[in-house]
Amino acid sequence: MNTKQYYLDTFRVSEENLKQLIATALSGGGDYADLYFEYSTFNELVLRDSEVSSGGFHVDYGVGIRVLCGEKTGYAYSETTAMADMTAAAKAAAAIAAASRGGAGAYCAAPAAGLPSRPAAGFYPVTESWRSLTADRLLPTLKTIEAQVRDRAAEIPDPGISLEKVVVRLSSSESDILMYNSLGELSYDTRPMGSAMASAIFSKDGRTEQKGASRSFRKGPSTFMSESLIGEISRETVRGIEDCFAASRPKGGKMPVVMGCGASGILLHEAMGHAFEADFNRKGQSVFSGRIGERVCRKGISIVDDATVVGNRGACNWDDEGVPGQKTYMVRDGILESYLHDRISAAHYGVAPTGNGRRESFRYNPIPRMRATYMESGDADPSDIIAGVRKGIYVDEFRNGQVKIGEGDFTFYVKSGKLIENGRLTAPIKDINIIGNGPEALADILAAGNDLKLDNGTWTCGKDQSVPVCCGIPTVLVRSLTVGGD
């Protein structure tokens with residue numbers, strides 16, 4: 001494990017430098033200040049129809065300095081860690097915060113006498129650095145994924161379906177993070193990320209359909225590039241292609257919707273998870289504002305945002321404010337229990353931060369963001385859930401969702417699904433939208449399956465900034481949603 005001195009050396013700073021920068025940042029009368037140092041490396045290699053088509057490597061390095069005056073933020077950054085440049089950024093952040101002072105904060109505390117060691121919790125399995133790998137170590141994995149996709153495509157029963165193109169991508173990143181604040185807390189972390197993706201284009205009778213699959217984990221290369229990962233990606237890239245060509249647009253209307261376990265969790269993330277983020281709630285912009293302690297869905301339903309799933313894309317040893325990663329129940333047994341807090345919203349509500357202060361890079365200030373968001377398993381058998389629906393639809397993949405946080409209204413395009421007729425899955429469907437309202441849909445959940453699955457794809461959430469996340473859900477029955485069909 002890297003030591004405190006490793007991070008100080010990486011950013012060419014001393015403990016005294018950190019204290020001086022905080023003092024400068026607070027010189028304009030701020031309530032709280034913090035420093036966020038980042039050194040990130042990014043690598044990518046792309047194989048297109050058995051040929052390496054592109055690759056790249058780049059580095060990001062710098063420090064962000066934040067000053068809080070009440071709930072107002074002053075923020076500046078430097079792309080160097082030369083003391084003169086960082087001091088200038090600290091003065092700029094102080095001036096911005098002082099100019100927009102708004103109310104008293106709840107951040108003041110006596111700094112620690114020294115800078116104690118606060119190493120990471122260990123949620124990322126790493127035995128080898130991504131920075132040590134060269135293209136010749138990555139290429140065999142790409143070639144194996146492509147070969148397996150082609151082998152599986154050759155076994156498709158329908159002889160009219162042909163494989164036209166295969167693209168495989170492997171990307172990785174590694175970030176060294178050092179954080180220090182005016183409370184005297186010094187935290188550090190090294191965050192790995194490996195992502196593998198495959199995409200294939202198939203044709204039949206002059207039509208084309210595209211299928212793809214991805215996996216992403218906070219793991220080092222030796223644990224990430226496994227036979228099981230290769231097999232999952234290649235199988236998923238081919239699986240269901242016959243249904244893609246056979247699918248049709250069903251008749252629309254209001255009807256029961258069964259959401260399949262796993263990737264359907266993106267609807268939970270978008271339509272409900274964002275509305276639990278505390279910045280929307282403290283500003284009165286969320287439909288869940290002021291509803292802590294209220295029942296929002298049936299007893300037995302619990303919704304979690306979790307930073308502690310080992311190796312998960314959304315895992316965080318520390319958030320980007322130096323708050324320990326933790327598991328947070330937003331809804332427990334049907335009751336709204338907590339919002340997702342950064343330090344600002346936690347001070348506003350008088351609660352502890354939940355470790356949800358996240359940022360895209362040192363160029364951005366942290367805001368409340370999700371990590372791994374999922375609904376816990378219920379007690380229903382998934383087959384019984386489907387069997388109980390006379391007429392409805394089953395969906396297992398969404399794309400291109402839109403949500404209005406204030407109203408809670410959402411629209412999601414269904415990528416994959418089937419009709420449910422008399423308790424059985426029948427014809428494959430496509431080209432439909434699911435339309436509803438987040439709080440209403442949550443309240444309308446009639447059953448949750450015992451099959452929670454986290455979808456470990458390359459999910460990225462955009463809320464002014466992009467951050468890696470994960471989502472998941474068990475099989476869930478919603479009483480009624482609007483299906484936009486024929």
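**Sheet architecture and nonpolar cores**

In the predicted model, helix 6 (residues 227-238) lies across strand 5 and strand 6, and its direction runs at about 155 degrees to strand 6. These two strands belong to an open sheet of six strands, arranged in the order 3-2-1-4-5-6 with antiparallel pairing. The edges of the sheet are formed by strand 3 (72-78) and strand 6 (207-217), each of which pairs on one side only. On average, and with direction ignored, neighbouring strands of the sheet are turned by 20 degrees against each other. Helix 3 (residues 83-99) also packs on the sheet, where it touches strand 1, strand 2 (51-69) and strand 3, and the direction of helix 3 makes about 160 degrees with that of strand 3.

Towards strand 5 (residues 186-204), the antiparallel pairing of strand 4 extends over 18 bridges. Along this pairing, leucine 170 stands opposite alanine 196 of strand 5, while aspartate 176 stands opposite threonine 190, likewise in strand 5. Strand 4 and strand 5 together form a hairpin with four residues between them, and glycine 184, located in the turn, has a positive phi of about 85 degrees.

Nonpolar side chains tend to be buried together in soluble globular proteins. In the present model, the largest nonpolar core comprises 42 residues, of which Met259, Met375, Ile393, Phe398, Ile434 and Leu442 touch the most other members. Helix 8 (residues 265-273) gives the most to this core, contributing five residues. Apart from this core lies another, of 29 residues, which includes Leu133, Leu138, Phe217 and Ile230.

When residues up to four places away in sequence are not counted, isoleucine 393 touches Met255, Pro256, Val257 and Val258, together with Lys418, Leu419 and Ile420, and additionally Ile429, Ile432, Ile434 and Val483.

Definitions and conventions: Residues numbered from 1 in each chain as written. Predicted model: local features only at pLDDT ≥ 70, side-chain atom pairs only at ≥ 80, totals over all residues. Heavy atoms only, no water. Pairing = 2+ DSSP bridges. Core = buried A, V, L, I, M, F, W, Y, C linked by side-chain atoms within 4.5 Å. Buried < 20%, exposed > 50% of the residue type's maximum accessible area, 1.4 Å probe, protein only. Contact = heavy atoms within 4.5 Å. Axes fitted to C-alpha atoms, helices over the stretch in contact; angles between N-to-C directions.
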